[in-house]
Amino acid sequence: MGAVARKQLPLRPAGPDTTAALLDWYDSEGRELPWRSPPGRKADPYRVWLSEIMLQQTTVKAVIPYYREFLRAWPNVRALAAASLDEVLTKWAGLGYYSRARNLHKCAIAIVEEHGGRFPRSEAALRKLPGIGPYTAAAIAAIAFNEEATPVDGNIERVIARLFALRLPLPAAKSEIKRLASTLVPSDRPGDFAQAMMDLGATVCTPKRPSCLMCPIQPDCHGYAKGMAESLPLKLAKPDRPSRFGYAFLALSEDGHILLRRRQEAGLLGGMMEVPSTEWRDDWLSVEDAMRSAPFKTDWWPVTGTVTHTFTHFRLQLNVYRAIVPADATLTFWSEPNRCRWVNRRDLHNEALPSLMRKVIAHALPQ
DNA sequence: TATCCGTGGGG
DNA sequence: TCCCCAAGGAT
């Protein structure tokens with residue numbers, strides 16, 4: 001009788017009843033995740049932090065195996081701080097957004113050297129650490145320390161925009177969304193509330209075809225009442241993705257080693273290993289010009305086909321040239337020999353190779 | 001505020 | 001095939 005009677009009443013703004021309904025749903029249907037401590041047990045700030053960094057712009061499914069491997073290799077922040085950056089980048093390889101790995105390592109060192117190996121519990125102190133922005137600081141404070149913070153990620157933006165039928169488009173709506181979300185945070189369970197909102201956004205209040213009939217807070221949802229839930233939040237159009245083109249040089253020695261090169265620390269794929277290549281331009285270099293960027297002079301043979309890869313803000317096409325050189329050959333390096341290293345092709349799994357470079361290698365050395 | 005920064009899966 | 005998107009941060 002409650003549902004029918006309630007539907008006919010004018011919809012009230014979301015409030016404490018909304019929060020209570022959400023937490024009830026979370027207690028019965030919340031997800032079990034590797035970094036989530038069982039009910040009643042204290043969360044480990046290190047695990048919360050590690051998972052939150054990995055989950056930035058990355059799906060749960062992609063994160064889980066990386067999270068498990070990091071925790072196995074480095075069970076606490078002191079262990080991670082004692083690792084080398086290259087070890088961290090190697091284990092991060094394939095997860096993307098490599099500045100996260102560089103900042104993860106920096107942050108671990110800062111925790112050990114400046115905070116005695118313990119994470120600070122306040123949002124403001126967390127916010128000062130490398131790689132921890134507004135969302136992550138609030139998430140760690142709420143989830144690991146039960147501080148009354150309001151993390152707002154993409155899920156929560158969507159839930160709030162729909163719940164309040166917010167028509168202001170992102171990203172301009174961010175501050176208003178944070179304000180509205182903060183009005184719903186319960187002082188006794190801020191961490192559970194944050195995770196409940198994210199679970200709801202991930203499993204019920206999804207970007208496309210949300211399951212409004214299954215939603216525990218649908219009776220309070222203005223977006224649903226107005227029939228516009230799925231269209232929210234509004235977003236400004238995104239810029240188009242230009243294309244870039246380049247040539248990669250896969251050198252294979254007769255004893256089975258591949259020539260790799262370390263990329264510069266900053267920028268795209270910063271600090272990761274690569275198959276040496278020309279610069280990536282907005283048009284094709286001539287083959288003659290491309291050869292001037294080869295790592296050394298030899299006979300380079302074209303590999304049939306092209307490697308394509310899509311980054312966040314551009315598409316890349318690489319033509320690959322291959323050379324097989326005698327193990328004892330005297331090679332004339334043309335650029336940055338100090339950044340280059342021969343690696344046994346059987347040991348490539350121990351290298352910080354991003355997905356693009358694994359594609360290039362697989363393309364040039366099939367099997 | 002706008003741009004840069006990866007990758008893989010789903011519709 | 002292509003676009004969208006995922007527990008954002010740094011500059």
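**Figure 1. The residue F70 in its helix.** F70 belongs to helix α4 (residues 60-73); helices (H or I, at least four residues) and strands (E, at least two) are DSSP runs, numbered from the N terminus. The C-alpha atoms of F70 and P130 are separated by 18 Å, and these two residues are 60 apart along the chain. Chain A as a whole has 15 helices and seven strands, and buried residues make up 48% of its 367 residues. Residues are numbered from 1 along each chain as its sequence is written, while chains are lettered from A and ligands numbered from 1 in the order in which they are written. Because the model is predicted, local features need pLDDT of at least 70 and side-chain atom pairs count only at pLDDT 80 or more, whereas totals for chains, interfaces and linings use all residues, and side-chain values use heavy atoms, with hydrogens and water left out.

Figure 2. Y247 and Y321 form a tilted aromatic pair, 6.1 Å centre to centre and with 45° between the planes. Rings of Phe, Tyr and Trp (its six-membered ring) pair if their centres lie within 6.5 Å, and planes under 30 degrees apart count as stacked, over 60 as edge-to-face and the rest as tilted. Y247 lies in strand β1 (residues 243-253) and Y321 in strand β6 (residues 315-325), so the pair ties together parts that are 74 residues apart in sequence. Y247 counts as buried at 6% relative accessibility, and Y321 is buried too, with a relative accessible area of 11%. Both tyrosines belong to one aromatic cluster, formed by F245, Y247, F249, W284, F296, W300, Y321 and W342.

Figure 3. F311 and F314 form another tilted aromatic pair, 4.9 Å centre to centre and with 35° between the planes. F311 counts as buried at 11% relative accessibility, and F314 is buried with a relative accessible area of 1%. The charged end of R244 sits over the ring of F314, 4.1 Å from its centre; a charge sits over a ring if NZ of Lys or CZ of Arg is within 6 Å of the ring centre and within 35 degrees of the ring normal.

Figure 4. About 120 Å³ of space lies in the largest cavity, where a cavity is a set of points, on a 1 Å grid over the protein atoms alone, at which a 1.4 Å probe fits but cannot get out, and lining residues have an atom within 4 Å of a point. Grid points are joined across faces, edges and corners, and a volume is the space filled by probe spheres set on the points. The cavity is lined by 15 residues, of which R162, C205, C212, C215 and C221 are the closest to its centre. Helix α10 (residues 154-163) gives the most to this lining, with three residues.

**Figure 5. The second largest pocket.** The second largest pocket has a volume of about 490 Å³, a pocket being an open set with protein on both sides within 12 Å along at least five of seven lines. Among its 21 lining residues, G96, Y97, Y98, F311 and T312 lie nearest its centre.

Definitions and conventions. Buried means under 20% relative accessible area, exposed over 50%, partly exposed in between (1.4 Å probe, protein chains only).
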